[in-house]
Amino acid sequence: MIRVNSRAIFVGRALLNNSTTLSGAVSGGATTNRVAPFATCSSSNHQSQNLVGRFGLSNPFLAQYSSAAASSLAQDIQAKGLSRSEDEGFNPKEVVLFQYEACPFCNKVKAFLDYYDLPYKVVEVNPMNKKEIKWSDYKKVPILTVDGEQLVDSSDIINKLVLKIHPDYDLNADEEKKWREYVAYYPFILNSSLFWWVDNHLVHVLSPNIYRTVAEALESFEYITTKGNFSLYERLVAKYGGAAAMYFVSKKLKKRHNITDERAALYGAAEQWVDALNGRKFLGGLNPNLADLAVFGVLRPIRHLKSGKDMVEHTRIGKWFSEMECAVGQSSRVIGNKGK
């Protein structure tokens, strides 16, 4: 029993700590398998969303009837940038994401890749031995390789990719930067460092919520072990032993981050985000910006867990989340012959 608990704690902590905080090997001859998002958006609605939300048109069908509308479309494209990366001259031959399925930082990267329709393969990393990333000196996830070039750290990955797609993208836009970056005022401030708001505020309220009770911990590990790269033995150990271990670990995290009420902290973060929208469809206006994608990516894995359902039921975030599901659309993940 002691051995099982030790391995369970190892799995749980690996999932929590070995990402930049919290399938199967890629095989040849892969074909694109578009994985449906949680929300049900019709293809016609999604195409309209692409035109309206990303190009800023009031009616996507007017352009074909009017040269003036066509001119307006060209201006909108010039001003706001195309959504599809190949239209911007960035069309990598192979993109591979090394990840944990439930890792919030990996999901930030996936939300970006999905929104920009960049096809990517996934290698699910086993958190117990990390054999899939032994080739790399960097031992955390996510790791993204783009035509063989290694990119690490979710925020840095996204910054580098968006500049490849939109070379003139302003990463220092005031409002977007405010929500992507979070200045933490502690008794010790090292070099006035900027901390990512998503990475160092929103993410820290998730673990105390998804492992809040034993039942919720089991629900979370059912998701993790179903999606993750585990043997049958590891799956059983992780689901039951890991859930129990992380239930107790979450209590320590709750204390570390000064959380008194888990749900109140989660609801507060959700409401803080909705307040920032200030009545807009997205923080970016008609189309999502990097802050929208980061928040959506972090929250997407918990949407259909009890914590996510409670968040949608008890806060105003549901409308924005549904809009984001439609805007991001189907996953651009490529499923190989042996992929999951």
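Two strands are taken to pair if DSSP finds at least two bridges between them, and helices (H or I, at least four residues) and strands (E, at least two) are DSSP runs numbered from the N terminus. The model is predicted, so that local features need pLDDT of at least 70 and side-chain atom pairs count only at pLDDT 80 or more, while totals for chains, interfaces and linings use all residues. Residues are numbered from 1 along each chain as its sequence is written, and side-chain values use heavy atoms, with hydrogens and water left out.

Strand β4 (residues 143–146) pairs with strand β2 (residues 95–99) in the antiparallel sense over four bridges, and leucine 144 of β4 is the bridge partner of leucine 97. Four bridges also join β4 to strand β5 (residues 149–152), again antiparallel, with leucine 144 opposite leucine 151. Two residues separate β4 and β5 in their hairpin, where aspartate 147 takes a positive phi near 50°. Both faces of β4 are covered, Ile143 and Thr145 being buried on one side and Leu144 and Val146 on the other; buried denotes under 20% relative accessible area, exposed over 50%, and partly exposed in between (1.4 Å probe, protein chains only).

Eight aromatic pairs are present in the structure, a pair requiring centres of Phe, Tyr or Trp rings (for Trp, the six-membered ring) within 6.5 Å, with planes under 30 degrees apart counted as stacked, over 60 as edge-to-face and the rest as tilted. The rings of tyrosine 115 and tyrosine 116 have centres 5.0 Å apart and planes at 85°, and the pair is therefore edge-to-face; both tyrosines are buried. Tryptophan 273 and tryptophan 320 also form an edge-to-face pair, at 5.6 Å centre to centre and 70° between the planes.
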